[in-house]
There are 2 protein chains.
Amino acid sequence: MQAFQLAVGIDIGGTHTTLGIVNREGKICWQQQLNTRDYKTPESFVVALKSTLQAQIDCFGRDKFAGIGIGAPNGNHYSGTIELAANLPWKGVIPLSKMVESAFHLPVQLTNDANAGALGEMIFGAARHMKNFAFITLGTGLGSGLVTNGQLVYGHDGFAGELGHTIALSEGRPCGCGRKGCLETYASATGLVTTAIEFLQQQKQFETFPEHWLATIWQQQKQVSAHDVFIAAEHQDPTAIAIFDYTAKILGLSLANLVALTSPEAIIFFGGLANAGAHLLTPTKQYMEDNMLSIFKNKVRILRSGLPEANAALLGAASLVWA
Amino acid sequence: MQAFQLAVGIDIGGTHTTLGIVNREGKICWQQQLNTRDYKTPESFVVALKSTLQAQIDCFGRDKFAGIGIGAPNGNHYSGTIELAANLPWKGVIPLSKMVESAFHLPVQLTNDANAGALGEMIFGAARHMKNFAFITLGTGLGSGLVTNGQLVYGHDGFAGELGHTIALSEGRPCGCGRKGCLETYASATGLVTTAIEFLQQQKQFETFPEHWLATIWQQQKQVSAHDVFIAAEHQDPTAIAIFDYTAKILGLSLANLVALTSPEAIIFFGGLANAGAHLLTPTKQYMEDNMLSIFKNKVRILRSGLPEANAALLGAASLVWA
């Protein structure tokens, strides 16, 4: 094996942290999990990283490692810090990059999870050989990473790529960020459920036809999940189809605007809601095309992630080393 | 003088084409104009370029020239072509880059005028030393060029950076592009006049107070210009101030969304309407800040172009050689 053919990937999540050793072809040679919440301070977390990883690095041979890539909520590429991450046990601004560099004496790259995901697609996934694309995770929220000219768009301060916090509907739904109408309040699992409840509450009397799955669940449980909406759509429930259509309409317009600015070769979707597949992505593509300037029409591919879902975050983190 | 310290800039407009020789510091050493409409074919246009420019290049010394930069409507950087430009006498797809390269045996770079403007600001103007910024021309329409990581964003097909054709208001005003609600139908000289007419027509009876300049012009001439709106605002006409405020509100929201995607250090304005200065840019900045995600607030500078207006397009074209 040549020198610098391995990278450490560290994906830090609110609950779990996944560590792995990844080779240049995207094969995970070794991996392990830590419970993020077990470590009350970032210092104790780095001690745990050291005791778990160092022996493993030594086994593979330290000179084979190109570096360590870290994906973390609110991770800032320029400063190497995690800044005010609501889901992590450590408060304030954590200089994690420097701390990990001191512990391992290897170069460290750090960014947020959506940016790491974008680079993962570029190095190992659906965006291999692409120089201009957008990566969008549709989960609880909407995260995104943009690549132009073969480089991630970090912007002046390292926080670029916040498609989820572009305002899709002026004076729209309240968002966790304190503003109104952000795209992620519509185009995310949370947004889909909000739409579902709005639609179901508007139905004056519930239909009793067997295909009205969602209304039945709503009547029985007084709540629905994004998965319920998906299953209902699979059974041709007209309300569920209308909910996906509404979501697709808002997302499709935002994508058309994103294309006008960055003209990507493809938009790559990842995450729970992206798995709703045809129910969401097919009408989204249609609305995107309908709203697109003619020079961009029928040029932009809508793709699903090319990474295995269980390992995508780890591969994304490792890919930072080679991006 | 060192080798490669000069560039030829060619700015092709619907009426005039400006040719110039520019040094690395942005000094225009020589310039001349052609009437674009005098040349019915691109071949005759290139013959005219050759007969005007070649002797001049020889005078300065051919080995001092780094290349030729061309800014043209619908210019495509990747293909070096001008594609279907409505304002030019030449129809179809013109391989101008290749034609000029053959005529002069110098490297040629070509792009559209807004992109050339952005590079002009980066090399010679208000964006010197910036790696992430947006350049916006507010003229008859709204053109824009985006720079991230120190490079112009051309996108996959060379047509990125169309902020003017992002949809600002769904189902809004009809745009020349065939769609509705494009930002440039509001935020441009044309858009400002449309807003003015809408506002004036809504006024049931015209006030006769002396400060109601715009209504007076409207009553007398049944038309108003963007300059009229500016002059009226200078005289504190409340209708004119409301027209700028409406324009600023729509532009400010679009800029907040642009910032969320690209996190620029500055947004640089150029063109006739940008000269309305405080009447437009001050409320635009306020609406941008109001609509911005908190991590971006009070970080993004709103600047006026750092290039002399009369020579900006020529300097932009020349800067292509050094970008």
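Before we look inside, one term is handy: a pocket here is an open set of points on a 1 Å grid, with protein on both sides within 12 Å along at least five of seven lines, and its lining residues are those with an atom within 4 Å of a point. Keep in mind, too, that what you're looking at is a predicted model.

With that in hand, find the second largest pocket, which is lined by 46 residues. To get to its centre, look for Pro73(A), Asn87(A), Asp113(A), Thr137(A) and Gly143(A), the lining residues that lie nearest to that point. The space in this pocket comes to about 1500 Å³. Several elements of chain A give two or more residues to the lining: strand S1 (6-12), helix H3 (113-124), strand S9 (133-138), strand S10 (142-148) and helix H9 (312-319). Of the contributions, the largest share is that of H3(A), with five residues.

On the H3(A) side, the contact is made by Ala116(A), Leu119(A), Gly120(A), Ile123(A) and Phe124(A). They meet Leu315(A), Gly316(A), Ala317(A) and Ser319(A) of H9(A). This contact of H3(A) with H9(A) has six nonpolar, three polar and no charged residues.

Now hop over to chain B. There, H3(B) and H9(B) pack at an angle of about 80°, with their axes 7 Å apart, which makes H3(B) roughly perpendicular to H9(B). Their contact has six nonpolar, three polar and no charged residues.

Chain B has another helix pair to look at: helix H4 (residues 189-202) and helix H5 (residues 213-221), which pack at about 85° with their axes 11 Å apart. H4(B) and H5(B) are therefore roughly perpendicular to each other as well. Ile197(B), Leu200(B) and Gln201(B) come from H4(B), and they meet Leu214(B), Ala215(B) and Trp218(B) of H5(B). By class, that contact divides into five nonpolar, one polar and no charged.

How do the two chains relate? In general, two copies of a chain are related by a rotation about an axis and a shift along it. Here, a rotation of 180° with 0.0 Å of shift along its axis puts chain A on chain B, with an RMSD of 0.0 Å. The two copies are thus related as by a two-fold rotation axis. If you want to find that axis from chain A, go to Thr148(A): its C-alpha is the nearest in the chain, 3.9 Å away. Both copies use the same surface, with 100% of the contact residues of chain A recurring in chain B.

One last stop. The structure holds one cavity of 30 Å³ or more, and about 40 Å³ of space lies in the largest cavity. Which residues line the largest cavity? From chain A come Val259(A), Ser263(A), Pro264(A), Phe296(A), Lys299(A) and Val300(A), while chain B brings His156(B) and Asp157(B). That lining divides into four nonpolar, two polar and two charged residues.

How values were computed
Residues numbered from 1 in each chain as written. Chains lettered and ligands numbered in written order. Predicted model: local features only at pLDDT ≥ 70, side-chain atom pairs only at ≥ 80, totals over all residues. Heavy atoms only, no water. Axes fitted to C-alpha atoms, helices over the stretch in contact; angles between N-to-C directions. Helix = DSSP H or I, 4+ residues; strand = E, 2+ residues; numbered from the N terminus. Parallel < 35°, antiparallel > 145°, perpendicular 65-115°, else oblique. Nonpolar A, V, L, I, M, F, W, Y, C, P; charged D, E, K, R; others polar. Least-squares fit on C-alpha atoms with pLDDT ≥ 70 in both. Contact = heavy atoms within 4.5 Å. 1 Å grid on protein atoms, 1.4 Å probe; cavity = no way out; pocket = protein on both sides within 12 Å on 5 of 7 lines; lining within 4 Å. Points joined across faces, edges and corners; volume = space filled by probe spheres on them.
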